[in-house]
Amino acid sequence: MLHENTAENRTEAPMSTRDESTSLAAAKIIYNLPFNDLLFRAQTVHRANFDPNAVQMSRLLSIKTGGCAEDCGYCSQSAHSPTGLKASKLMMVEKVLAEARKAKAEGATRYCMGAAWRSPKDRDMDTLLAMVAGVKGLGMETCMTLGMLSPAQAGALSKAGLDYYNHNIDTSEEFYSQIITTRTFADRLETLSNVREAGMKVCAGGILGMGETTGDRISMLVTLANLQPAPESVPINMLIPIPGSKLADADPVDPIEFVRTIALARILMPRTHVRLSAGRTQMSDEMQALCFFAGANSIFAGDTLLTTENPGEDHDTALFRRLGLKPMELEPAE
Ligand code: SF4
């Protein structure tokens, strides 16, 4: 029976670390622990590795919106879905830097720049490199998400000062082709490997609520935990169904299952920043509080994510005050 509070569950559910490979079977046992045992385990791992009351704050800017050649079923920016989103050109470097300065003044320590591309074109590389160098020069951590990268592109971005590259694996390998057909799960892993090879930190996570099974969610986390090393950041998104997209009518995720997934991510990847990403506007304050207790310790601050809503600064400030949370300081450069 699932969630049975047996002595076996309490004593034999394996305590994984990122340095050992994690099996799907072991992860399933952890995921299905009684909720209180699971949360206690996750909070214990969290406290051993992080300040439990500090949350890392990132800011995200869409530097090129819409008109994407890929057909990701969850996305408002795919040219394959009639979502009504207007495509824009790549932003000018100065405009991006002005936005980054504002975000820094408002307390963000990491600046993430996202472009709706299958992969960057070589003609855009100089502009992207100037953005990275400029944001880095402001004393912020830099992150980009631009689609697939060749080894040469990854190397150039790293050299310009890019700290993190975001490239989500989205879901399990088994479920992947139900959501995206224009690329494969293996393509994703290849870019992640190019990013690592180039010396950058990895931000990779996925989305819950696309019709996947619990097994798919667990499998996705096991894939991430078994990357060598595991990603430094793992964003967990809750699908916001976009009218006109393939997943417009997807059923919502059970909030308890969502919290279980966060807890499993924390246990399988003890030193990773687990980020509550898209979907926070749909979550109650109590659900967010449970996610923080389960080990989430990073959020996107600001009113919008790439194209979807995000709780505004005031709401987050009030929630942080009610929960006694504080923004995480930027770690000193190594
Ligand atoms: S998720 Fe990214 S790659 Fe997929 S359609 Fe949207 S912008 Fe394009």
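**Figure 1. Overview of the chain.** The chain has 12 helices and 10 strands. The structure shown is a predicted model. The chain is made up of 334 residues, and 57% of them count as buried. Its accessible surface comes to about 14300 Å², and carbon and sulfur atoms contribute 54% of that area. Among contacts in the chain with a separation of 6 or more, 75% join residues 24 or more positions apart.

**Figure 2. Close-up of the shell around the ligand.** The residues surrounding the ligand are Cys68, Glu70, Cys72, Tyr74, Cys75, Gln77, Ser78, Ala116 and Arg183. By class, this shell divides into 5 nonpolar, 2 polar and 2 charged residues. Cysteine counts as nonpolar in this scheme, and the shell includes Cys68, Cys72 and Cys75.

Figure 3. The chain holds 2 aromatic pairs by the ring-centre rule. In one of them, the rings of tyrosine 176 and phenylalanine 185 are arranged edge-to-face, with 5.6 Å from centre to centre and 70 degrees between the planes. Tyrosine 176 is buried, because its relative accessibility is 2% and the cut-off for buried is under 20%. Phenylalanine 185 is buried as well, with a relative accessible area of 5%.

**Figure 4. Close-up of the aromatic pair of phenylalanine 292 and phenylalanine 320.** These two rings also form an edge-to-face pair, at 6.2 Å centre to centre and with 85 degrees between the planes. Phenylalanine 292 belongs to helix 11 (residues 285-293) and phenylalanine 320 to helix 12 (residues 313-323), so the pair ties together parts that are 28 residues apart in sequence. Phenylalanine 292 counts as buried at 5% relative accessibility. Phenylalanine 320, with a relative accessible area of 7%, is buried too.

**Figure 5. Close-up of arginine 110 over the ring of tyrosine 164.** The charged end of arginine 110 sits over this ring. The distance from that charged end to the centre of the tyrosine 164 ring is 3.7 Å.

**Figure 6. Close-up of arginine 260 over the face of tyrosine 31.** Here arginine 260 lies over the face of the tyrosine 31 ring, 5.9 Å from the ring centre. The cut-off for a charge over a ring is within 6 Å of the ring centre, and the 5.9 Å found for arginine 260 and tyrosine 31 falls inside that limit.

Definitions and conventions:
Residues numbered from 1 in each chain as written. Predicted model: local features only at pLDDT ≥ 70, side-chain atom pairs only at ≥ 80, totals over all residues. Heavy atoms only, no water. Near = heavy atom within 4 Å. Phe/Tyr/Trp six-rings, centres within 6.5 Å; stacked < 30°, edge-to-face > 60°. Buried < 20%, exposed > 50% of the residue type's maximum accessible area, 1.4 Å probe, protein only. Helix = DSSP H or I, 4+ residues; strand = E, 2+ residues; numbered from the N terminus. Lys NZ or Arg CZ within 6 Å of the ring centre and 35° of its normal. Contact = heavy atoms within 4.5 Å. Areas by Shrake-Rupley, 256 points an atom, 1.4 Å probe, with all protein chains shown as cover.
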